[in-house]
Amino acid sequence: MAALAGETRAILYGFWLSSCSWRVRATLAYKQIPFEEKSIDIVKQRTQMTDEYRKLNPSQKVPALIIDDTTLVESMAILQYLEETRRTPSLLPNTPLLRARMREICETIVSGIQPLQNIGLKPHFSIEEQYSVFTKYWTRRGLQTLEDLLQKTSGSYCVGDQLSMADLCLVPQLYNAVTRHQLKLEEYTTVSKLYETLLKEKCLSDTHPEKIRLKKVTE
Ligand SMILES: N[C@@H](CCC(=O)N[C@@H](CS)C(=O)NCC(=O)O)C(=O)O
């Protein structure tokens with residue numbers, strides 16, 4: 001994505017497979033904010049644990065975003081900041097009730113699923129199988145919650161017929177469930193239908209982890 005004259009590119013510190021990084025990457029793409037991504041390998045090299053990275057993000061997780069001469073951490077704080085500073089195109093539904101519905105879906109994902117399957121938990125299980133059982137349990141439970149919520153709220157997107165933050169949280173978490181946790185989505189009919197259509201949404205397909213991985217390999 002090219003920077004406009006006089007505009008400083010934002011820098012996203014992320015990891016290709018990280019769902020939290022994909023939320024931010026997709027938001028930057030949707031709002032057409034020029035950025036470059038620097039890879040922090042949270043799996044093999046565990047670069048997030050270095051003192052240098054800790055100066056950027058005290059939680060030693062991805063993402064971190066340098067933008068507007070400051071550094072932001074926590075993906076949902078970043079999404080909100082980008083929404084408040086670059087209002088169009090908007091990622092918020094247009095009534096308080098619909099925004100609350102959107103946040104119910106976001107919270108289910110960002111608090112109820114993502115932290116309970118985070119790769120950072122893995123070293124804290126003495127048997128790898130236990131990590132897998134634990135993460136699958138919480139992911140499945142979250143998927144069922146999403147199915148119940150989305151049956152009531154969705155149209156062509158998570159909340160009605162307008163793309164919102166909920167969609168940009170949903171797709172990365174589902175990709176993660178299908179790939180890392182090898183879960184099948186078919187039994188969650190609303191969830192799986194949305195996943196199929198949302199994957200074609202430009203801001204999500206342009207920022208898909210596989211594209212980021214391939215870009216990294218060819219660089
Ligand atoms: N609440 C944080 C969660 C960040 C997070 O857990 N990031 C994961 C990747 S999606 C990570 O960096 N994991 C590595 C670790 O915990 O060591 C956010 O939304 O930014």
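Start at Glu74: its side chain has an N or O atom 2.7 Å from a nitrogen of the ligand. Such a polar contact is a pair of N or O atoms within 3.5 Å. Next, select Ser75, where an N or O side-chain atom is 2.6 Å from a ligand oxygen. Then take Asn118: a polar side-chain atom lies 2.9 Å from an oxygen of the ligand. On its own the ligand has 510 Å² of accessible area, and the protein covers 89% of that (Shrake-Rupley, 1.4 Å probe).

This is a predicted model: local features need pLDDT of at least 70, side-chain atom pairs need 80 or more, and totals for chains, interfaces and linings use all residues. Numbering runs from 1 along each chain as its sequence is written, and side-chain values use heavy atoms, without hydrogens or water.

Now show the whole shell. It holds 14 residues (a heavy atom within 4 Å of the ligand), and Gln48 and Val62 are among the closest. Color by class: four are nonpolar, seven polar and three charged. Helix α1 (residues 19–30; a DSSP run of H or I, at least four residues) gives the largest share, three residues. Domain 1 (10–89 + 205–218) and domain 2 (96–201) each supply at least three; the bounds come from an automatic or database assignment.

Move on to the backbone. Val62 and Pro63 are joined by a cis peptide bond, omega about 10 degrees. Pro63 sits in the loop between α2 (51–56) and β3 (64–67; strands are E runs of at least two). Gln60 is in the loop between α2 and β3. Its phi is positive, about 55 degrees, though Gln60 is not a glycine.

Finish at Thr88 to Pro89, another cis peptide bond, with omega near -10 degrees. Pro89 is in the loop between α3 (75–85) and α4 (96–110).

Technical notes:
A polar contact is a pair of N or O atoms within 3.5 Å; within protein, one must be able to donate a hydrogen and the other to accept it, and residues adjacent in sequence count only if both atoms are side-chain atoms. Ala, Val, Leu, Ile, Met, Phe, Trp, Tyr, Cys and Pro count as nonpolar, Asp, Glu, Lys and Arg as charged, and the others, Gly among them, as polar.
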